[in-house]
Amino acid sequence: MKQYGMIIDLEKCIGCHACAVACKAEWEVPADQGRNWVKRLGPSNTPHGLASTYYPGLCNHCDKPACVEICPADIVERTFKDQVTGRQKTLEVAATLKDPFDGTVQIDKDRCLGCGACADACPYEARYVNPEQGEDGKADKCTFCVERLAAGLEPACVQTCLAEARIFGDLNDPESAVARYVKKGAIKMESDAVKIGPNVRYFGNKRDIHLLTETSTPMVMPEASLRRVMLARLARPVIRKGKKKMTFFDL
């Protein structure tokens, strides 16, 4: 099975923000929000010398995503399908889920309650609630452009990157460009308290990697507001007709 991932090559990134602009245009992201971002870091002194770099961030499509665990939406059965092999797998999932065939973390907008619990729980602050989607808004974030992938295209940010600093592919394929970057030392943004397996990694010289990790690595796992979760659960319909079976194509 695949595990889609992305490498950000800090030695190539020029901080032009083309990736963030392309994402906003592709997915109609509100001007004051972002599915991805580029933050300027430095110049600052490091043990390896003066460093100045950028922090291009996005949803990490983690191995153990905190957003999936906290989602208070009803659990339903959903059948996933591998678009290449045709294999199917049925899982019980809430409105935020991890695809068992490509490893991406996705949001079922039809069932999202708009409560924001998942955004609270993400240590990378990679989610937000889009007030323009639905009466109460819907959670939104980077999807690795799965709709574009299905059409044989690259994610919008990868295609638009002028410096080719974003590399996308299957981390489980040892011959892929992303896997080769991992072998060269691309790092995860993890700390002792935050070990949830991010599948976006960063590559660069020692100076820039030190500055990135020291300033931007999440050091604590946030807790979603209990009040927010409880209110979201109370907002669900009281009468249920039982679990609904869903397929990949129901979105």
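**Charges, burial and salt bridges in a predicted model**

Me: Is Lys184 buried or exposed?
Reply: In this predicted model, Lys184 has a relative accessible area of 53%. The cut-off for the exposed class is over 50%. Because 53% passes that cut-off, Lys184 is exposed.

Me: Among contacts between residues at least 6 apart in sequence, what percentage join residues at least 24 apart?
Reply: Contact here means heavy atoms within 4.5 Å. Among contacts between residues at least 6 apart in sequence, those joining residues at least 24 apart amount to 64%.

Me: Which residues of helix H1 are buried?
Reply: Helix H1 covers residues 18-27. Its buried residues are covered by elements including strand S2 (36-46), helix H5 (156-160) and strand S10 (166-170). The buried residues of H1 are Ala18, Cys19, Ala20, Ala22 and Cys23.

Me: Which residue follows H1, and is its phi positive or negative?
Reply: The phi angle of the residue that follows H1 is near 50°. This value is positive, and the residue is Glu28.

Me: How many residues apart are Asp140 and Arg35?
Reply: Asp140 and Arg35 form a salt bridge, with their closest N and O atoms 2.8 Å apart. Asp140 belongs to strand S9 (residues 138-140), whereas Arg35 lies in the loop between H1 and S2. The pair thus links distant parts of the chain, 105 residues apart.

Me: Are Asp140 and Arg35 buried or exposed?
Reply: A residue counts as buried when its relative accessible area is under 20%. Asp140 stands at 2%, and Arg35 has 8%. Because these values are under the cut-off, Asp140 and Arg35 are buried.

Me: Which parts of the chain does the salt bridge between Asp140 and Lys109 tie together?
Reply: The side chains of Asp140 and Lys109 meet in a salt bridge at 3.3 Å, N to O. These partners are 31 residues apart in sequence, so the pair ties together strand S9 and the loop between strand S7 (105-107) and helix H3 (117-121).

Me: Which residues do salt bridges with shared partners join into one network?
Reply: Asp140 forms a salt bridge with Arg35, and Asp140 also meets Lys109 in a salt bridge. The network joins Arg35, Lys109 and Asp140.

Me: What is the distance between the closest N and O atoms of Arg111 and Asp108?
Reply: Arg111 counts as buried at 17% relative accessibility, and Asp108 counts as buried at 0%. Their salt bridge is one of 4 found in the whole structure. The closest N and O atoms of this pair are apart by 3.1 Å.

Me: Which residues does Arg148 touch, not counting residues up to four places away in sequence?
Reply: The place of Arg148 is in helix H4 (residues 146-150). Arg148 is buried, with a relative accessible area of 9%. Leaving out residues up to four places away in sequence, Arg148 touches Glu26, Trp27, Leu153, Glu154, Pro155, Ala156 and Gln159.

Terms used. Residues numbered from 1 in each chain as written. Predicted model: local features only at pLDDT ≥ 70, side-chain atom pairs only at ≥ 80, totals over all residues. Heavy atoms only, no water. Buried < 20%, exposed > 50% of the residue type's maximum accessible area, 1.4 Å probe, protein only. Helix = DSSP H or I, 4+ residues; strand = E, 2+ residues; numbered from the N terminus.
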